Amino acid sequence: MSTVHDRASTIRIVRQVLAADCACPETGLIDEDLLITHAEERVGRRRYPLPAKPLLAMTMGAGVVVTCHPERAGWLRATLEGRSRDAIFSAPTIAELAQYVARDGQELRGPACKYICAPETFRPPADPAGVLITLVEGEAVAELYRHEGFGNALAYCRDRPRPDVAAAVGSCAGTVLGIAGISADCEALWQIGVDIVPAAQGAGLGRALVGRLTEHAFDHGKIPYYATAVSNVRSAALAVGLGYWPAWTEFSAKDLAPTTERCRRV
């Protein structure tokens, strides 16, 4: 049975998840100040594996929350205090932070903008003419891993903490033209990613596939979210056209060595 969320309640639930991600009170995402916290596993967070030395910076449009390894808190406080939100997310500061985490064998990824949708804002798209769209759910999603080149849509592995729970496949005459996938990143938020083969881009297939999975998330009482690099204007336009809106921006440090996220290749 679906759970209906209006825009206000959707934002409230998302803020609860992000507060768990950042190991901070929800007010930290509303206040205009810089808040630095020690990273920790909290119930309700997105199930990304914590790197050896975490560093995650996030804003919902007010101040900035930075959650990090305790050893990094002092340096980050001395470096970032007094800088505005926009200065922290500017190229010079990100370059400075990238050099800092590189000492520990990490790279800085992002910033990425995250978009969310609510049933009351969703605008269902039309399916492109001549394209068959099929919804695949549960264990059957792994059968799609035989199709290469859809890394934004599919995890290509089993048994990870953020499983692929469904996929929408667009095909024509038996040829796969695009796949959108949705992963259960936590109990409340499911993330959608999409890949369209070059020859089929620009015809509305991406909108149709993401729209189908957006409806799937609503049907299961989940909040769908969609991520884009800040430079990917076309991807952002796809989300906005479906009724998504920008909810937060983040960047984070990732270990260059393989992560400990459990993954059984197929």
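**Note on the predicted model**

1. S171 is a buried residue, since its relative accessible area is 15% and buried means under 20%, exposed over 50%, and partly exposed in between, with a 1.4 Å probe and protein chains only. S171 belongs to strand β6; helices (H or I, at least four residues) and strands (E, at least two) are DSSP runs, numbered from the N terminus. Neighbours within four places in sequence aside, S171 is in contact with G130, V131, L132, V176 and L177, where contact means heavy atoms within 4.5 Å.

2. On the basis of the values, this is a predicted model in which local features need pLDDT of at least 70 and side-chain atom pairs count only at pLDDT 80 or more, while totals for chains, interfaces and linings use all residues. Residues are numbered from 1 along each chain as its sequence is written, and side-chain values use heavy atoms, with hydrogens and water left out.

3. On the overall form, the protein has 6 helices and 10 strands. The C-alpha trace spans about 60 × 40 × 35 Å along its principal axes. Of the 266 residues, 52% are buried. Among contacts between residues at least 6 apart in sequence, 69% join residues at least 24 apart.

4. On strand β6 (residues 164-172), 8 of the 9 residues are buried, and the strand is mostly covered. Strand β5 (residues 132-137) pairs with β6 in the antiparallel sense over 6 bridges; two strands pair if DSSP finds at least two bridges between them. Within this pairing, E137 stands opposite A166 in β6. On β7, β6 is joined by 8 bridges, and these two strands also run antiparallel. Here D164 stands opposite S183, and G170 has G178 as its bridge partner.

5. On strand β7 (residues 175-184), 9 of the 10 residues are buried, so the strand is largely enclosed by the rest of the structure. Strand β8 (residues 189-196) is joined to β7 by 7 bridges, again in antiparallel fashion, and G181 has G193 in β8 as its bridge partner. The two strands β7 and β8 form a hairpin with 4 residues between them.

6. Which residue takes a positive phi in the hairpin of β6 and β7? It is A173, with phi near 55°, in a hairpin that has 2 residues between the strands. A173 lies in the loop between β6 and β7 and is exposed, with a relative accessible area of 83%. Y156 also has a positive phi, near 60°, and is a residue other than glycine. Y156 is found in the loop between β5 and β6 and counts as buried at 16% relative accessibility. As background, most residues other than glycine have a negative phi, and most peptide bonds are trans.

7. On the peptide geometry, a cis bond joins G110 and P111, with omega about 5°. P111 is placed in strand β4 (residues 106-116). P111 and A112 are in contact with A229, leaving aside the neighbours of A229 within four places in sequence. A229 lies in strand β9 (residues 223-229) and is partly exposed, with a relative accessible area of 41%. The C-alpha atoms of A229 and C113 are separated by 6.2 Å, although these residues are 116 apart along the chain.

8. On the second largest pocket, the space comes to about 180 Å³. Its lining has 12 residues, and those closest to its centre are E139, R158, D159, P163 and D164. On a 1 Å grid over the protein atoms alone, a pocket is an open set of points where a 1.4 Å probe fits, with protein on both sides within 12 Å along at least five of seven lines, and lining residues have an atom within 4 Å of a point. Grid points are joined across faces, edges and corners, and a volume is the space filled by probe spheres set on the points. By class, the lining has 5 nonpolar, 1 polar and 6 charged residues; Ala, Val, Leu, Ile, Met, Phe, Trp, Tyr, Cys and Pro count as nonpolar, Asp, Glu, Lys and Arg as charged, and the others, Gly among them, as polar.
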